[in-house]
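Please look at the sequence and the model together before reading on. The report below goes from one residue to its surroundings, and then to the place where two chains meet.

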Amino acid sequence: SLVSSCLCNICFFACMTQCFFPSTFTVDVLLKAVGDTPIMKTKKWAVDRGRTVQSLAQFISRFLKLDANEQLFIYVHQSFAPSPDQEVGVLFDCFGSDGKLVLHYCKSQAWG
Amino acid sequence: MKDGLRENFFTSRRRPAFVLDEEQFRRCCQLLLQRSDQLGDGWSWEAVQGSEEGYLRKTALRSVPSDWGPLHDQEGFSFHPQTLYDGSYTGTNSSSLVVQYEYHILFSCSYGAPVLYFRAFTLEGKSLALEEMWSTIHPNYRLRLQNFPLNAISQQEHPLLGQPFFFLHPCRTEEFMGLVLQAAQDQGRPVNYVLSWLSVVGPVVGLDVPLQYCTPLHSAVSLNSTKPD
């Protein structure tokens, strides 16, 4: 029928788009503060799949107005820090549940 | 491992200190090693002859973009401070240098924490000096580390081998690990201290700790099938 043929076309284009432009899709990320790290007023964010952990950490740091020498760490499973150039989309695929990826963030003086 | 950590639960008034003991360290290392073997990540346990004492060891090749720091001239590296930057760093596709790394994870009794020792060589076998090593640190980290240039990364005699190595000073380890461990403990989630710690400090010195260490066993994929660094 015409409807199902239209749906097929939409699905086809959606799949093709995801294949060639994966970063145009976003994933839902829930940010949770660890320790006495400031809590973000907005905790739920739609993040581009292609965005890196490093980029997200910098965003959070600026949002929270952290000092230049304060390091912000991001963790999955509350305990594992993905590498800075890891893509959020990949983290979502591995650790996402209930349609969202929970990331814990923590500020700390880690060096020196 | 959770029970072992509770022994130190009441040692501090402000927040319980998460101090690792040597036996816990070894157990964490063995778990890490098992996973490394499954993933083909290349870690090995080097035992000190005639004792249970030892350390984890891994070698890796790493390509460092030459535009991260000083220009590479005929004589090799020369260090100059990275100018301040903002935002995520995207290097240009200029030439890069291949560096051989050797990483050791030792246990520090005095800090009750693992310590990362490492050394680096060019492919010709020339070992990197401290200044040269700085130029291989990703600019995103260098800014913060430069606030503590003498302390964060320095050179020291390897406690077991007696050779000069670089090492990441462990004095702040408990500070960031404690927060992570507390959060995980609150959720009743077991943590491999050494793995967590390594995932944080490894990337600073070019050591990648793949995500597969954290994903469930049955979905483990050999690292040979992922894209190379």
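Which residues does W43(B) touch, not counting residues up to four places away in sequence?

## About the model

This is a predicted model, in which local features need pLDDT of at least 70 and side-chain atom pairs count only at pLDDT 80 or more, while totals for chains, interfaces and linings use all residues. Residues are numbered from 1 along each chain as its sequence is written, chains are lettered from A and ligands numbered from 1 in the order in which they are written, and side-chain values use heavy atoms, with hydrogens and water left out.

With contact taken as heavy atoms within 4.5 Å, W43(B) touches L32(B), L33(B), S36(B), D37(B), L56(B), R57(B), K58(B), Y103(B), I105(B), L198(B), L207(B) and Y213(B), leaving aside residues up to four places away in sequence.

W43(B) is also, with I153(B) and W197(B), among the residues with the most contacts inside the largest nonpolar core, which has 78 residues. Such a core is a set of buried Ala, Val, Leu, Ile, Met, Phe, Trp, Tyr and Cys residues joined through side-chain atoms within 4.5 Å, where buried means under 20% relative accessible area, exposed over 50% and partly exposed in between (1.4 Å probe, protein chains only). Apart from this core lies another, of 6 residues, which include Y55(B), V115(B), Y117(B) and F167(B).

## A buried residue in a loop

N192(B) lies in the loop between α5 and α6 of chain B, helices here being DSSP runs of H or I with at least four residues, and strands runs of E with at least two, numbered from the N terminus. N192(B) counts as buried because its relative accessibility is 15%. A polar atom of its side chain lies 3.1 Å from the backbone oxygen of C28(B), and the side chain of N192(B) also reaches the backbone nitrogen of L195(B) at 3.1 Å.

## Where chain B meets chain A

In chain B, 38 residues are in contact with 32 residues of chain A. The area buried between the two chains, that is, the accessible area (1.4 Å probe) that they lose on being put together, summed over both, is about 3,100 Å², and carbon and sulfur atoms give 65% of it. On the side of chain B, R144(B), L211(B) and C214(B) lose the most area to chain A, together 22% of what that side buries.

The elements of chain B that give two or more residues to this side are α4 (139–145), α5 (173–186) and α6 (193–201), and the largest share, 6 residues, comes from α5(B).

Key
A polar contact is a pair of N or O atoms within 3.5 Å; within protein, one must be able to donate a hydrogen and the other to accept it, and residues adjacent in sequence count only if both atoms are side-chain atoms.
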